[in-house]
Amino acid sequence: MPGGIGVPRVTCGVPRAYAALLDRAEQIAAQCAEQAARCSRCNTTGDVWKWRTSSSSGYTTLCPACAACVARPYQDHLRGRLYASLLKNAQPQAFLCRLCPGPRQAAYWDHCHTHGFVRGPPRPQGDLTRASVEDIAQTVRTTWPTKSADNRWNRSRGARDLLEHLSQFPGETWQERWEASGFNQGGNPVSVLRSAPRERSQIGTGAACLMCLRIIQPSLEAFRSNTFLYYGQRFLAAQNDPLLEKFWAETQATPVNPIHHGTALFDIAVALTTQGIALADLTPEAFLHYAWECRRQGLVLGARGAGSRFPGHLAWQVLYTMGHFPSHGPATLKAALLNGRSTVEELVDRYKIRNTGVRHLLVAYLERRKPELDYSTLDNLSRHLASNFWATVEQLAPNQTGLRIDGELYQRWRDRVAIRVDGKGRRDFDPILRAVRAFYADLQAWAAAEPEQWAIWVAPCPVSDAEVRGYGVRKRRVKERMDDRTRQRQPLLNTLLEHLENRYGHLRDLLAQAADMPGGQTVTLEGRTYQRLWSRVDERRVRLGGLANVRVLDLGSGKNINVTHAEDAAFWEWAIVEVLRHSGVRIEEALELTHLSIRQYQRPNGEVIALLVVAPSKSDRERVIPMSAELFAVIAAIVRRHTTGGQTIPLLPRYDPKERQSSAPMPFLFQRKIGTKHEVMSDTTVVNMLKRHCVELGEQHPGFLATSFTPHDFRRLLATELINSGLPIHIGAALLGHLDLQTTRGYVAVFNEDVVRHYQGFLDRRRQARPTDEYRPVTAPEWLGFEEHFDQRKVELGGCARPYSTPCQHEHACLRCPMININPKMLPRLDEIEVDLLARRARAEAEEWLGEIEGIDLTMSFLRQKRNQTRRLTRVAPVDLGIPGIAPRSAARRE
């Protein structure tokens with residue numbers, strides 16, 4: 001062998017036997033290379049390095065034409081959605097990509113989808129896309145065997161009739177002929193081919209069988225244009241899919257009304273049929289696409305038009321529980337539909353700012369402010385600066401490049417922003433001005449420390465000092481409007497409360513009486529006659545092992561009423577209003593109340609006081625408020641409703657639409673079961689409920705024609721009642737969760753000069769006994785005196801509600817006093833007093849004591865009024881809550 005420079009050549013000999021082995025090895029290698037270069041399907045010779053690829057059974061060689069057979073063209077049915085397979089027993093390398101050079105195996109599960117292709121649909125009974133009519137008819141008969149020859153004939157006959165009709169259209173496969181026939185378009189059912197009802201049913205059943213056998217893949221609109229009975233069960237029987245059978249078993253084990261089990265199977269069957277995939281390939285993104293399309297086109301069972309409901313809630317829940325959907329993903333369909341938090345770039349880019357430099361400036365500014373702001377405030381700030389400010393400036397002056405804005409442009413901008421998009425005037429313009437002024441001030445302050453980043457953008461602020469100084473005047477106008485709003489709603493409050501209480505009581509009694517009635521029987525309640533309804537749907541619910549809803553017909557109005565749903569809605573409407581008006585909490589604080597929010601406090605005299613722990617919200621501080629008897633009764637009714645039959649309050653996450661994030665699972669009090677899922681009530685639901693009831697009351701009470709309640713109105717009304725009743729304002733601020741006493745003063749609406757004088761006189765007397773600093777924090781002795789005040793207000797018939805630290809002003813004439821709250825236990829005592837008053841009146845009539853008769857009549861009118869009011873308040877009796885407590889430390893250690 002040759003050597004290097006200066007190295008002598010050396011020759012080595014090889015034994016003949018070893019040389020023969022080497023030659024044989026070279027021959028075998030050449031034969032293997034030649035064989036590997038041939039396509040394993042068509043035997044075509046090609047480039048071994050491009051055609052050779054690995055698979056689940058080893059290396060294989062496929063030419064581009066044969067490799068393309070493993071994929072079908074992508075039909076745009078997953079546009080905008082990720083497509084990833086969740087197969088557990090296969091690897092992505094087992095599938096070839098027809099577009100990759102080679103072609104080569106897929107590197108990951110949505111590799112082919114990246115190129116616009118997905119794997120072909122499953123063929124449970126073999127590839128029948130080009131089979132004859134007779135072969136398909138025979139497959140239909142064998143796939144769904146039944147003892148009834150009539151049923152077998154209907155299926156095969158319907159499939160045969162549809163296929164014979166499709167054979168008239170061009171195409172190599174039945175799918176191509178189906179698309180050419182026009183049946184793949186929405187609003188064109190196959191039943192139009194026949195006129196007789198029996199024949200229409202036959203051809204519909206035949207179409208369902210062809211779809212289950214994956215001979216035809218319809219669009220979602222085409223599928224839902226037809227009516228297929230029991231399609232989910234028929235699809236399950238045809239697939240021979242163990243994973244689908246496992247899903248059905250898990251669904252049947254879910255503790256919901258059995259009628260919802262079939263709906264879940266139907267949703268899965270439709271999604272797999274229309275997308276042409278097996279359940280193993282169904283991803284959260286693909287099922288979410290199915291849900292969105294059904295909602296957009298109004299294809300949901302029971303939906304009231306397009307955009308009203310989503311399908312598949314139970315199906316998603318089962319797929320997540322059985323581990324088919326990733327554990328780190330959303331557990332419910334609703335959680336998957338909710339929008340998460342946007343990044344600062346996304347918040348700014350919503351408004352299509354053309355100036356790149358200003359866009360980068362706004363992004364950097366918001367990123368700097370982000371740590372000190374919550375998400376809702378950051379969202380509003382981005383809207384003020386990016387949309388209301390700069391995007392509007394660009395519309396008025398497209399050539400504006402910097403933040404230096406002249407007076408003429410600023411005035412035009414101010415006039416434009418003062419008008420909303422709907423053409424109405426913007427009532428509250430100050431937040432926009434303050435945001436812009438703070439933006440300019442921050443740039444000037446930051447430029448001193450970081451001139452390289454901020455100095456180039458420093459400019460005079462276009463918002464003048466005079467406009468900012470006018471903020472105090474505008475704020476007083478807002479306070480006047482709020483006071484006027486409170487004065488208008490205060491006399492209407494009792495009417496609204498009575499309406500909600502009467503409605504809930506009426507529906508509760510109707511549900512109790514109609515639940516056990518047979519269909520057709522009538523019941524009369526409070527002068528209204530109802531007839532019990534019973535339908536085939538109710539029979540099916542009972543036959544499947546569930547409970548049928550109680551539905552009645554109002555014979556007076558001719559309106560059908562689902563009493564089960566109406567009573568449940570009426571209870572929660574009554575409960576949320578009662579909690580809001582007795583506690584004064586914000587709507588988000590009320591909806592965040594949990595079973596763990598109920599606490600107890602034992603006073604030094606042994607009396608136990610129920611407390612309500614309010615989670616931090618606007619002020620970011622937790623507070624504890626004592627519960628009145630009325631509030632405690634409402635909370636007890638809520639807990640009792642959740643725990644009926646020994647159940648526990650479900651643990652649910654609550655989505656905060658302002659912060660765009662979900663909380664940890666908690667036993668929220670204001671949660672309802674709607675269909676197959678439990679959901680925490682939203683503030684939008686409460687607002688719409690109040691609007692609806694105000695409109696109903698407007699038909700009978702003129703005061704509600706131009707007036708509507710919001711959840712925050714109850715907070716203002718309670719604050720006004722507390723302060724006008726003599727409660728020190730700093731204690732009221734603590735109960736309401738205000739950090740600033742001026743905020744509490746802004747909530748108080750004064751009604752007349754007498755109340756003003758009474759309140760000012762009370763403050764004067766208190767200031768004589770207290771230090772000069774009236775607004776210091778509450779001390780322990782003050783709080784103790786506040787508690788003892790309630791002990792001194794206890795009288796025979798109940799409790800006195802006179803102002804704090806004031807004597808009785810009615811000489812203990814409790815029956816005539818408007819401040820007395822009758823204890824429900826003293827209702828028999830009121831009856832005894834009424835009997836005594838009647839006896840005294842009879843004596844006065846006999847003696848002709850006319851003045852005595854007038855006084856007794858007045859007393860009796862007050863007595864009957866208070867008795868009726870007490871009976872109304874005791875309709876929902878409080879129960880023992882079983883207040884949750886904290887386990888002792890020793891027990892916790894043992895666990």
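Leaving aside its neighbours within four places in sequence, with which residues is L162 in contact? They are W178, F183, V190, L193, I203, A207 and L210, where contact means heavy atoms within 4.5 Å.

The model is predicted: local features need pLDDT of at least 70, side-chain atom pairs count only at pLDDT 80 or more, and totals for chains, interfaces and linings use all residues. Residues are numbered from 1 along each chain as its sequence is written, and side-chain values use heavy atoms, without hydrogens and water.

L162 is also one of the residues that touch the most other members of the largest nonpolar core, which has 64 residues. Such a core is a set of buried Ala, Val, Leu, Ile, Met, Phe, Trp, Tyr and Cys residues joined through side-chain atoms within 4.5 Å; buried means under 20% relative accessible area (1.4 Å probe, protein chains only). Helix α12 contributes the most to this core, with 8 residues. Another core, lying apart, has 60 residues, including L492 and L525.

The axes of α18 and α20 come within 9 Å and cross at roughly 90°. Axes are lines fitted to C-alpha atoms, for helices over the stretch in contact, with angles from 0 to 180 degrees between N-to-C directions. The two helices are therefore roughly perpendicular (65 to 115 degrees).

| Helix | Residues | Contact residues |
|---|---|---|
| α18 | 375-396 | L381, H384, L385, N388, F389 |
| α20 | 430-449 | P431, I432, A435, V436, F439, Y440 |

Helices are DSSP runs (H or I, at least four residues), numbered from the N terminus.

Methods. Buried < 20%, exposed > 50% of the residue type's maximum accessible area, 1.4 Å probe, protein only. Parallel < 35°, antiparallel > 145°, perpendicular 65-115°, else oblique.
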